[in-house]
Amino acid sequence: MTTIYIDESGHSGDMTNSGNGYDFKGQPYFALAGVGLEDDHGWEGLVSELRSRHRIAPGELKSKSLVSKPKFSADVINALLDRQAPLFVELVDKRYFICMSITSFQLLAPCLGYPESVELHFLRNTVADFLHFHASERVLDTFVASCLTPDDAKLCASFASLREMAKQSNYEGAAVQIAQGIAHMVEVAEAEYRELGDAQSEPWRRFLPPPDLNKHSKQVWMLPNLTSFTSIYARMNRYYGRRLAGIRLVHDQQFEVESILRRGKATAEHLGRTMDLPYTPQSDYRFEEEASIDFAQSHEVIGVQLADIVAGATMRFFRDTDAGTSVSHELREAMMRLISEGDERTGYGLNQVVPTANVRNAGFDTSISSARAPRGSR
């Protein structure tokens, strides 16, 4: 039996909990890793060997306590790749995640009726890229406010800030046309909103991401761990050819969001039966079978600890290279291998939910803190 062990790194709550100036409390990236292990492949022995080689003390392996041991983390990643263990990693730029939510729920909201297509996927990415680099804190603030206290005034304020941003005169090159397109999108969205207001109550909710309820029945908005989890599940569905019966998911125990993740899994399984699916070339949301899911304390399960190491190494690699902080040669090589061995056709590897210009590829130079690379697998 194959078990996919899942853990995260860089969690700072939902996206409305953005810190000062959208610094996300020093954690601008979120990573979620799914590591597939066969029950009979002797991973305990391998980990013991690596512990001995790198002089790692007994006890739970935690990524944050291994920051000074990058060669150990690199060896873990290489060992997983050497044995062709199923690997599904999601890396999320949190600011970009908010910009994608603005794009998907206000500028190109589902209620506007745009058909899902490759073209719409490209348009969403183009608009979210623009917002990531050009949207002011006010644009983000008004959108977050419209989520936290949804009403007519807050949504209209969010539309107004987007319109003002789009009509600025300091854009150059292709940004001029994109800004004009966004201005038109705001007009279309506002017109549809006014029409909905005449026909239904609380029409502003049609232009906001749906909130989830945590265990305290409190609304939480734009959880990257939820979308990353459902993406990994859909990538697994692609990887295993829709044959998930007998596959087991074991997620690190998180009482706050356990019920949300269970509902997210169930929603993903029924998505293809109820709506047109978005264009996601690396995943498959048409589920024919279902994997089981359990939650376990990480100190009891070596697979969850390995997932934590992969997620933590990925998060810190992107964070540190952005900041111009040095990264060990061994860890850089391991991360480049993880990136280069990814396969969009099967869902395997690392999916980067980041602006197009910031996608890392196998030729990425960590000496350049603000990398600009070709489009990746978003």
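Phe88, Tyr239, Tyr240 and Tyr348 form one aromatic cluster, where rings of Phe, Tyr and Trp (its six-membered ring) pair if their centres lie within 6.5 Å, with planes under 30 degrees apart called stacked, over 60 edge-to-face and the rest tilted. The structure is a predicted model, in which local features need pLDDT of at least 70 and side-chain atom pairs count only at pLDDT 80 or more, while totals for chains, interfaces and linings use all residues. Residues are numbered from 1 along each chain as its sequence is written, and side-chain values use heavy atoms, with hydrogens and water left out.

In total, the structure holds 11 aromatic pairs. One of these joins phenylalanine 159 and phenylalanine 207 edge-to-face, at 5.7 Å centre to centre and 80 degrees between the planes. Phenylalanine 159 belongs to helix H6 (residues 152–166) and phenylalanine 207 to the loop between helix H7 (174–197) and strand E4 (212–213), so this pair links distant parts of the chain, 48 residues apart; helices (H or I, at least four residues) and strands (E, at least two) are DSSP runs, numbered from the N terminus.

Turning to the chain as a whole, the secondary structure comes to 11 helices and eight strands. Of the 378 residues, 55% count as buried. Contacts (heavy atoms within 4.5 Å) between residues at least 6 apart in sequence join residues at least 24 apart in 76% of cases. The chain exposes about 16500 Å², with carbon and sulfur atoms supplying 50% of it; these areas come from the Shrake-Rupley method with a 1.4 Å probe, and for residues only the protein chains shown count as cover.

Strand E1 (residues 2–9) is largely enclosed by the rest of the structure, because eight of its eight residues are buried. Thr2, Ile4, Ile6 and Glu8 point one way from E1, and Thr3, Tyr5, Asp7 and Ser9 the other way. Strands pair if DSSP finds at least two bridges between them. Eight bridges join E1 to the antiparallel strand E2 (residues 29–38), where glycine 34 stands opposite isoleucine 6. Four bridges join E1 to the parallel strand E6 (residues 248–252), and there arginine 248 stands opposite threonine 3.

Helix H4 (residues 118–134) holds histidine 132, which is buried at 11% relative accessibility. Leaving aside residues up to four places away in sequence, histidine 132 touches Asp93, Arg95, Tyr96, Cys99, Pro355 and Asn358. Arginine 124, also placed in H4, is buried at 14%. Its side chain makes a polar contact with the side chain of glutamate 116 at 2.8 Å; such a contact is a pair of N or O atoms within 3.5 Å, where within protein one must be able to donate a hydrogen and the other to accept it, and residues adjacent in sequence count only if both atoms are side-chain atoms.

Notes:
Buried < 20%, exposed > 50% of the residue type's maximum accessible area, 1.4 Å probe, protein only.
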